[in-house]
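Subject: The structure for you to look at

Hello,

Here is the structure I promised to pass on to you. Please open it beside this email, and then read my notes below.

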Amino acid sequence: MRFIPDRKPSLPADGAPTSSRRRRLLGSAALSALAASHARAATATPAQLLDPLAVPPWTRTPGAPILEHPYGLPSSFESHVVRRAARQWPMPGAASSLTPLADLHGTLTPNGLVYERHHGGVPDIDPDVHRLAVHGLVAEPKLFTMDDLLRLPSESRVHFMECSGNTASEWKGSSGLPLQLTHGLLSCCEWTGVRLSTLLEAVGGSTRPASGAPPRWILAEGADAAAMTRSLPLDAILDRALVVYAQNGERLRPENGYPLRLIVPGYEGNTHVKWLRRLKVVDGPLETREETSKYTGLLPDGRARQFAFEMDAKSVITRPSPGQRLTRPGYYPIVGLAWSGRGSIRTVEISTDGGANWQTARLEAPIRDRALTRFTFDWAWQGKPATLLSRATDSTGYVQPTREALVAARGLNSYYHYNGIQSWRIGTDGSVSNA
Ligand SMILES: Nc1nc2c(c(=O)[nH]1)N[C@H]1C(S)=C(S)[C@@H](COP(=O)(O)O)O[C@H]1N2
Ligand SMILES: [Mo]
């Protein structure tokens with residue numbers, strides 16, 4: 001069983017990230033002000049320290065009792081941090097909602113904010129009745145109950161999931177939309193379940209193909225009204241794919257596949273079949289609807305890209321982003337997220353002048369395989385117009401392309417797999433827009 005250890009970020013004693021650039025940008029005035037307040041804190045009497053602090057209403061009475069919400073909720077002051085839909089869907093069951101990336105911190109998406117994409121609504125599945133069939137080219141085909149699966153060796157891994165339709169809004173140029181609606185078909189969770197290879201061992205292994213036989217594929221099918229079905233190249237995903245029953249420490253949410261889903265790290269979201277009820281080992285792709293009529297990309301020469309499984313390296317600045325505002329010139333951290341379906345993130349570069357100059361951002365550890373990685377770049381806004389860009393390079397050396405390069409390679413009939421460099425425009429008034 002594989003175990004990916006966490007690396008702790010190296011922080012100095014005061015807990016602030018090490019950056020001489022940041023110190024330089026903060027300026028000596030800001031630093032000496034900081035030093036002065038520390039000195040005051042050291043010499044002031046307790047009475048002086050408390051003096052300016054009024055006693056607010058919530059300190060004057062006892063707070064709410066325990067178990068007011070047996071399942072906890074965010075603060076009522078955070079009620080704007082919710083999933084949103086980009087448009088009114090004609091059939092609300094076949095729709096998507098997007099993750100509010102600009103309001104999130106770190107790299108894990110809270111379960112209630114994981115983006116949703118359903119083709120036939122969210123089924124209400126009784127886990128005691130649900131079964132997973134593993135059959136086809138295997139030694140001992142089997143029906144698993146949830147209890148059977150919970151008794152198999154499990155592992156927990158952090159991976160991003162991105163719908164291949166994410167950011168399709170930008171194919172034809174800047175959409176003007178905010179981050180949640182351009183990049184919000186993206187989440188990252190700690191998933192817990194059984195490795196696909198472990199599951200296949202539990203059915204006696206797949207029957208060995210004769211030499212010269214076609215490569216093995218596996219068909220995954222969901223129990224929802226859409227019966228979402230995809231074929232996947234088995235040997236490529238065998239050691240990585242997980243059949244999961246939990247996300248971020250609790251059982252899957254209904255909208256994310258309760259009680260069971262497939263996670264194929266790095267592959268387009270559509271292959272992460274939810275409400276999983278069947279895995280069939282086959283000797284080639286079965287050319288289902290979702291891999292022929294959908295989830296292919298029409299190229300300029302009239303041919304279509306099929307089985308473009310891996311999500312190419314991509315990054316986006318989450319702060320500042322459209323809808324936010326810089327209130328005065330001075331220090332701003334430019335923060336964002338980078339990810340790659342082919343491995344880990346090696347570097348993220350930032351330009352604040354529309355791509356003329358690039359500088360390297362800091363990456364926050366741990367930098368995990370096929371997971372969101374957070375970056376920070378220390379920046380001083382001069383109070384003038386600026387155009388902010390981020391560009392990711394992954395562990396294979398692949399560099400996130402410009403929109404122009406993508407269009408040159410794929411044309412304008414493509415919808416899926418848009419990973420172009422995103423630009424945010426800062427106005428003289430500090431406003432941020434997607435222009
Ligand atoms: N059974 C089933 N699995 C499914 C889907 C679906 O509609 N039905 N949608 C797919 C698509 S297109 C995506 S992007 C992801 C979305 O997963 P999420 O809703 O948990 O974010 O699930 C995939 N798995
Ligand atoms: Mo998707």
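Which residues of helix α8 (residues 403–410) are buried? They are L406, V407 and R410. These residues span an arc of only 95° around the axis, which puts them on the same side of α8. On the face of α8 turned away from that buried side you will find the exposed residues E404, A408 and A409.

Some words need explaining. Buried means under 20% relative accessible area, exposed means over 50%, and partly exposed is in between (1.4 Å probe, protein chains only). The arc is that of the directions from the helix axis to the C-beta atoms. Helices (H or I, at least four residues) and strands (E, at least two) are DSSP runs, numbered from the N terminus.

Please keep in mind that this is a predicted model, in which local features need pLDDT of at least 70 and side-chain atom pairs count only at pLDDT 80 or more, while totals for chains, interfaces and linings use all residues. Residues are numbered from 1 along each chain as its sequence is written, chains are lettered from A and ligands numbered from 1 in the order in which they are written, and side-chain values use heavy atoms, with hydrogens and water left out.

Salt bridges

The structure holds 22 salt bridges. The term stands for a side-chain nitrogen of Lys or Arg within 4 Å of a carboxyl oxygen of Asp or Glu. In general, side chains of opposite charge can pair when their charged atoms come close.

One of the salt bridges is between R157 and E155, at 2.9 Å from N to O. Both R157 and E155 are buried. These two also belong to a network of salt bridges that links E155, R157, R195 and D239.

Another salt bridge joins E221 and R278, whose closest N and O atoms are 3.1 Å apart. This pair links distant parts of the chain, with E221 in strand β7 (residues 217–222) and R278 in strand β12 (residues 276–282), 57 residues apart. E221 counts as buried because its relative accessible area is 11%.

E291 and R230 meet in a salt bridge too, at 3.4 Å from N to O. E291 lies in the loop between β12 and β13 (297–298) and R230 in strand β8 (residues 229–233), so the pair ties together parts that are 61 residues apart in sequence. E291 and R230 are both buried.

The loop between β12 and β13

This loop also holds Y295 and S293. Is Y295 buried or exposed? Y295 counts as buried, because its relative accessibility is 7%. Its phi is near 60°, a positive value in a residue other than glycine. S293, in contrast, is exposed, with a relative accessible area of 52%. The C-alpha atoms of S293 and Q306 are separated by 10.0 Å, and the two residues are 13 apart along the chain.

A227 has a positive phi as well, near 40°, and is likewise a residue other than glycine. Look for A227 in the loop between β7 and β8; A227 is partly exposed, at 33% relative accessible area.

A negative patch

D124, D126, D128 and D147 form a negative surface patch. Patches are made of residues with over 30% relative accessible area and no salt bridge, where like charges are joined within 9 Å and nonpolar side chains (Val, Leu, Ile, Met, Phe, Trp, Tyr) within 5 Å. D126 sits in the loop between β2 (116–118) and β3 (132–136) and is partly exposed, at 40%. D147 is in helix α4 (residues 146–150) and counts as exposed, at 51% relative accessibility.

Cis peptide bonds

D126 and Y258 are 132 residues apart in sequence, but 9.0 Å apart in space, C-alpha to C-alpha. Y258 is joined to P259 by a cis peptide bond, with omega about 5°. P259 is in the loop between β10 (250–251) and β11 (261–263). The peptide bond from R319 to P320 is cis too, with omega near -5°, and P320 lies in the loop between β15 (314–319) and β16 (330–339).

Enjoy exploring,

Your colleague

Definitions and conventions. Areas by Shrake-Rupley, 256 points an atom, 1.4 Å probe, with all protein chains shown as cover. Lys, Arg positive; Asp, Glu negative; His and termini not counted. Charge placed at Lys NZ, Arg CZ, Asp CG, Glu CD.
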